[in-house]
Amino acid sequence: MTKPSALLKTLQGILGCGTGAEKYRLGSDPQFGLMAAEKIPDRWVSTICGYCSVGCGIKLGVRDGKAVSVRGDPDHPVNRGMLCPKGLTAHYAIHAPDRARYPLLRRENKLTRVNWDRALSVMVERFRKIQKEHGPGAVAVVSTGQLVTEEFYALGKLAQLGLGTPNYDGNTTLCMASAVAGYKRSFGSDGPPGCYADLEESDCIFLIGANIADNHPILYTHLERNPHKTVLVADPRISKTAMKAGLYLPLKPRTDLPLLYGMMKVLIDENLIDAEFIAEHTTGFEALRTFLADYTPAKVAAITGLREALIYQAALTYGRARAAFTGWSMGVNQSTQGTATVNAINTLALITGNVGIEGGAPFSITGQCNAMGSRETSFTSSLPGYREFDNPADRKELAALWGIDAARLPKQRGRAYPDIINDIVLERIRGLWIIGTNPMVSFPNQEFIDDALGRLDFLVVQDGYHSTPAGARCDLLLPAAIWGEKEGTYTNSERRVSKVNPAVAPPGEAKPDFDIFLELARKLGCDRELFPGWESPRHAFDEWKRVSRDRLCDYSGLDYESIERRGGIQWPCPDGERRPSGPVRLYENKRFPTADGKARLWCVPWEPFPESGNRQFPFVLNTGRTVEHWHTRTKTGGIPLLNNLAPEAWLELNPQDAGKLKIKQNQYVSVVSQRGRIERIRVRVTSIVRPGEVFIPFHYAETSANQLTFNIFDPISRQPNYKQCAVMVEA
Ligand code: SF4
């Protein structure tokens with residue numbers, strides 16, 4: 001396994017870039033074949049990394065209209081000049097040979113080049129026909145977490161009010177929906193309370209289901225800067241992050257919820273709680289105390305497989321800390337009890353007063369670069385500005401801001417992503433517009449999604465690349481500009497709004513998604529009403545500032561120039577208020593956006609995961625990521641530097657199991673579940689996984705872990721249970 005720091009040094013050496021140094025090694029560029037001199041840019045463009053939600057500042061080097069180099073922005077507060085392997089090679093993705101360059105329309109089973117006017121006319125014609133015959137909701141939209149905020153804001157209005165379908169969601173439901181639902185239920189609103197500075201200021205950092213050394217490498221450097229912390233890591237797998245833990249909790253798969261309850265029970269019994277905070281700022285404590293009687297350390301030890309003493313030690317370390325921080329990611333969210341587990345994390349923080357204080361917070365570590373922007377502005381699980389569909393006052397206020405009749409705003413959210421796919425299988429949804437996502441690799445149970453897409457009357461794929469599996473089977477492909485080619489803002493995990501800038505022109509006739517949305521609105525005849533006078537993302541940003549005013553995610557005091565000057569600014573940033581110079585935390589005043597201003601403490605009984613091992617399928621499969629690749633490898637799969645580091649998927653298998661099955665290191669095996677099989681995958685025999693458990697990274701289309709996973713979802717957030725399903729390994 002490559003250590004992140006060693007990997008960084010190797011890449012920085014090869015690329016001659018990295019921590020702010022403008023040095024270039026002699027020799028040719030391994031990807032473009034450029035000589036050293038040709039890699040020296042004419043100019044540097046400041047922007048933000050377009051991969052993950054850490055939100056690192058990047059300088060993108062441009063020479064003769066081509067992106068030729070990157071380096072970390074030494075002045076950016078998030079990364080201070082550092083970049084991870086993906087950021088260091090981000091420019092290669094821009095000039096990839098499989099970029100989508102022209103609109104393509106399927107004719108006689110072949111995708112054929114057409115002009116934009118024809119492409120959008122056909123799209124409108126086909127979608128309107130479907131809606132006329134089957135109802136407005138028979139067309140659905142699934143977008144991404146990688147557009148700029150201005151595009152999300154425009155797309156929400158266009159989908160819901162222009163196309164007139166309530167069935168609009170994002171692939172963000174696959175990664176962060178449980179965090180959103182959990183925040184709403186605990187605090188009354190979405191919005192991560194903490195910030196990155198907490199990692200440097202806390203004296204107890206509890207990472208649960210979050211392998212940040214692989215998945216958020218630069219965030220990990222914030223933690224490394226804190227000499228006073230104790231790091232607790234709860235993870236069934238000894239991830240790179242777990243290897244660095246001060247206290248590692250090797251719990252059984254999906255037993256994070258009882259672990260949290262066990263810790264709370266110890267804290268209450270030991271009186272390590274904040275009684276004043278509980279009394280004044282929360283509701284539900286007595287019910288919680290009664291509920292926790294069932295989660296004694298002995299019982300929790302039996303469920304989690306952890307020693308009782310370890311549960312005590314974790315609880316006491318957390319409870320005795322001056323300020324305790326809990327960070328979580330997909331290990332928590334991607335579960336049928338994801339929302340309940342997020343609520344338990346929030347409850348643990350609330351009963352100990354670890355909310356709205358320096359170093360103390362529950363904190364969701366988001367996946368995609370602008371999943372947060374999507375959550376704030378979109379029209380998916382909430383109305384823009386974290387307004388609620390079922391709140392008449394919210395609908396009235398938003399309608400007044402837009403100058404429309406409130407009756408046009410839906411009273412409940414439309415179908416979530418998994419339910420859109422179910423409805424396609426049931427042939428209730430007949431038309432689908434996929435924007436910047438690759439469901440044929442990322443959706444659980446590939447056979448199911450394959451069947452669904454095959455049933456559509458009309459499939460539109462809008463993407464920067466024509467090579468995705470969904471792109472290969474669409475009826476219409478709209479070529480989109482990608483990171484490095486368009487303008488707008490991203491919001492990172494700590495609510496920092498940063499400016500994204502174009503450095504080069506998109507290839508061929510590809511356009512920014514924003515321009516595509518405006519042109520489509522013209523075709524639909526709703527442009528003047530929805531986007532009056534809009535020509536650029538700046539117009540969308542100005543309207544969004546008005547729409548977000550006085551909301552938790554208040555952007556009204558932000559402008560492009562100050563965002564750029566300060567390396568990003570965290571919201572809330574109300575107009576006219578003097579900005580604090582330090583980090584911004586939510587709920588410092590201990591008032592929560594609920595009806596009574598108090599946070600809710602939740603008690604949801606733990607349930608085992610839905611498909612445990614059995615005689616035929618004895619292993620529990622866990623899926624996750626590796627530092628070298630991004631999601632479905634649409635970008636990173638075409639970058640030899642990254643691909644050479646992690647060229648193929650692998651199966652982690654414990655030595656005891658390998659011995660029993662007579663499987664050797666590096667041998668190829670098949671992995672089978674009730675839903676599908678991976679025919680050939682290389683084995684890593686390693687104690688990183690425990691006996692009875694296996695792990696596969698999910699990035700690889702040709703060895704897709706999602707051929708095996710289960711399309712079962714959290715009942716509240718609708719997030720898939722990617723992390724546990726039963727499989728067998730065939731030698
Ligand atoms: Fe980009 Fe995330 Fe890596 Fe930073 S940590 S360089 S934002 S991928």
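**View 1. The interface between domain 3 and domain 4 in the predicted model.** Between them, domain 3 and domain 4 bury about 1900 Å², of which 48% lies on carbon and sulfur atoms. On the domain 3 side, R237, Q334 and T336 lose the most area to domain 4, and together they account for 35% of what that side buries.

**View 2. The shell of residues around the ligand.** The ligand is surrounded by C49, Y51, C52, G55, C56, L83, C84, K86, G87, P217 and I218. Helices α2 (85-88) and α8 (217-224) each supply at least two residues of this shell. Sorted by class, the shell holds 8 nonpolar, 2 polar and 1 charged residues.

**View 3. The hairpin of strands β17 and β18.** Strand β17 (residues 488-491) pairs with strand β18 (residues 496-500) in the antiparallel sense over 4 bridges, and T491 stands opposite V497 in β18. In a regular strand the side chains alternate between the two faces of the sheet. Along β17, G488 and Y490 point one way and T489 and T491 the other way, yet all of these residues are buried. The hairpin has 4 residues between its strands, and R495 takes a positive phi near 70 degrees there.

**View 4. Two residues with positive phi, E427 and R633.** Most residues other than glycine have a negative phi. E427, in the loop between α19 (417-425) and β14 (431-435), has instead a positive phi near 60 degrees. R633, in the loop between β21 (619-624) and α27 (640-645), likewise has a positive value, near 65 degrees. Is each of these residues buried or exposed, or partly exposed? E427 has a relative accessible area of 37% and is therefore partly exposed, whereas R633, at 11% relative accessibility, counts as buried because the limit for that class is under 20%.

View 5. Most peptide bonds are trans.

How values were computed:
Residues are numbered from 1 along each chain as its sequence is written. This is a predicted model: local features need pLDDT of at least 70, side-chain atom pairs count only at pLDDT 80 or more; totals for chains, interfaces and linings use all residues. Side-chain values use heavy atoms; hydrogens and water are left out. Buried means under 20% relative accessible area, exposed over 50%, partly exposed in between (1.4 Å probe, protein chains only). Two strands pair if DSSP finds at least two bridges between them. A residue is near a molecule or strand if one of its heavy atoms lies within 4 Å of it. Ala, Val, Leu, Ile, Met, Phe, Trp, Tyr, Cys and Pro count as nonpolar, Asp, Glu, Lys and Arg as charged, and the others, Gly among them, as polar. Buried area is the accessible area (1.4 Å probe) that two parts lose on being put together, summed over both.
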